[in-house]
Amino acid sequence: MRTIVHLSDLHFGRVDDALLDPLVDAITNARPDLVAVSGDLTQRARNVQFREARAFLDRLATPQIVVPGNHDIPLYDVLRRFAAPLRRFRRHINRDVAPFYRDETVAVIGINTARSLTFKNGRINARQVALVAQRFGGLPSSILRIVVTHHPFDLPGTGEESDIVGRSSSAMHAFARCGVDLFLSGHMHQSHVGDTTKRYAIDGHSALIVQAGTASSTRGRGELNAFNVIRIENARIAVETWAWQPESHAFVMHKTATYRKQGSGWMSAS
């Protein structure tokens, strides 16, 4: 079995400090084989915020797949925003904004969907799609393929169409051809699990789309702070949402959803 902890939207610079130690404890107790962080590590892409994010990541298990979000690009520093939008992310978090991890069970790639030309929305380009195909092409069919982005490929029931990553349809068709099984994202500050079939309707392909809420930000948008624990075993994926419970001062499992692979697609097992 492989266990992946999926965090998103940490927003250092606007965190609830009381959550950080319990969050680290909960993640440690989950005993992850991999930690995936789907963007917005900071609130305003300032050096001090990236240093705080780096210190937090250093407390977690390795290896890690970490991608930037739109908040990790400077907003008010216009020169830096367009000349070197990810310089601070690369300096403090990871020089590689397309990180890759593989073992005998899973292959995971992170893709940067944040762009300088937009304050909020994201995009995936042809070069990035080709990189995913290159990384996943030729892998044994037994290896589960995972893509991590900040911006989502579907909506969790609310939100605007512009919240979905740009060029998502053409990207999804390419990802279907290379057998992507699971998408991890954030951005919406909402926990959600769904599949690709309703929005994309690609014959013979059904992948899971998992969004994480904000793990530590004070901007909960009406939801509890939360993160996901994803447990993968054979042709089965269980997605657990762990949510903050103020009365017990701890993150506890709030809900779980289980899926099984049937042919080339993933279906609910509940």
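These are my notebook entries on what I looked up in this structure, which is a predicted model.

**Entry 1: the seven-strand sheet**

I began with the strands. Seven of them make an open sheet, and I read the order as β3-β2-β1-β10-β11-β12-β13. The pairing in this sheet is mixed. For the edges I noted β3 (64-67) and β13 (265-268), each of which pairs on one side only. From one strand to the next, the twist averages 25 degrees.

A reminder to myself: strands of a sheet pair through backbone hydrogen bonds, either parallel or antiparallel.

Then I picked one pairing to follow. How do β1 and β10 run, parallel or antiparallel? Strand β1 (residues 2-7) and strand β10 (residues 226-233) run antiparallel, and five bridges join them. I looked up His6 as an example, and its bridge partner in β10 is Asn228.

**Entry 2: aromatic rings**

Next I searched the whole structure for aromatic pairs and got eight. I took Phe227 with Trp242 to start. Their ring centres are 6.5 Å apart and the planes meet at 20 degrees; under 30 degrees counts as stacked, so this pair is stacked. The two residues sit in distant parts of the chain, with Phe227 in strand β10 and Trp242 in strand β11 (residues 236-245), 15 residues apart.

Are these two buried or exposed? Phe227 has a relative accessible area of 1%, so I put it down as buried. Trp242 comes out at 21%, so I wrote partly exposed for that one. The cut-off for buried is under 20%.

I also checked Trp244 with Phe251. Their rings are 5.2 Å apart, centre to centre, with 55 degrees between the planes, and I have the pair down as tilted. Trp244 is buried at 8% relative accessibility, and Phe251 is buried too, with a relative accessible area of 5%.

**Entry 3: the six-strand sheet**

I moved on to another open sheet, this one of six strands in the order β4-β5-β6-β7-β9-β8. Its pairing is mixed. The edge strands are β4 (100-102) and β8 (192-195), and each pairs on one side only. Ignoring direction, neighbouring strands of this sheet are turned by 15 degrees against each other on average.

β8 and strand β9 (residues 208-211) run antiparallel and are joined by four bridges. Here I found Val193 standing opposite Val210 in β9.

**Entry 4: Arg199**

I looked up Arg199 next and found it in helix α7 (residues 197-200). At 32% relative accessibility, Arg199 goes down as partly exposed. I also checked how far Arg199 is from Ala53: 146 residues apart in sequence, and 34 Å apart in space, C-alpha to C-alpha.

**Entry 5: the largest pocket**

Last, I looked for open space. The largest pocket holds about 170 Å³. Which residues come closest to its centre? I wrote down Lys120, Asp163, His187, Met188 and Arg221, out of 16 lining residues.

I then sorted the lining by residue type.

Conventions. Residues are numbered from 1 along each chain as its sequence is written. This is a predicted model: local features need pLDDT of at least 70, side-chain atom pairs count only at pLDDT 80 or more; totals for chains, interfaces and linings use all residues. Side-chain values use heavy atoms; hydrogens and water are left out. On a 1 Å grid over the protein atoms alone, a cavity is a set of points where a 1.4 Å probe fits but cannot get out, and a pocket is an open set with protein on both sides within 12 Å along at least five of seven lines; lining residues have an atom within 4 Å of a point. Grid points are joined across faces, edges and corners, and a volume is the space filled by probe spheres set on the points. Two strands pair if DSSP finds at least two bridges between them. Axes are lines fitted to C-alpha atoms, for helices over the stretch in contact, and angles run from 0 to 180 degrees between N-to-C directions. Rings of Phe, Tyr and Trp (its six-membered ring) pair if their centres lie within 6.5 Å; planes under 30 degrees apart count as stacked, over 60 as edge-to-face and the rest as tilted. Buried means under 20% relative accessible area, exposed over 50%, partly exposed in between (1.4 Å probe, protein chains only).
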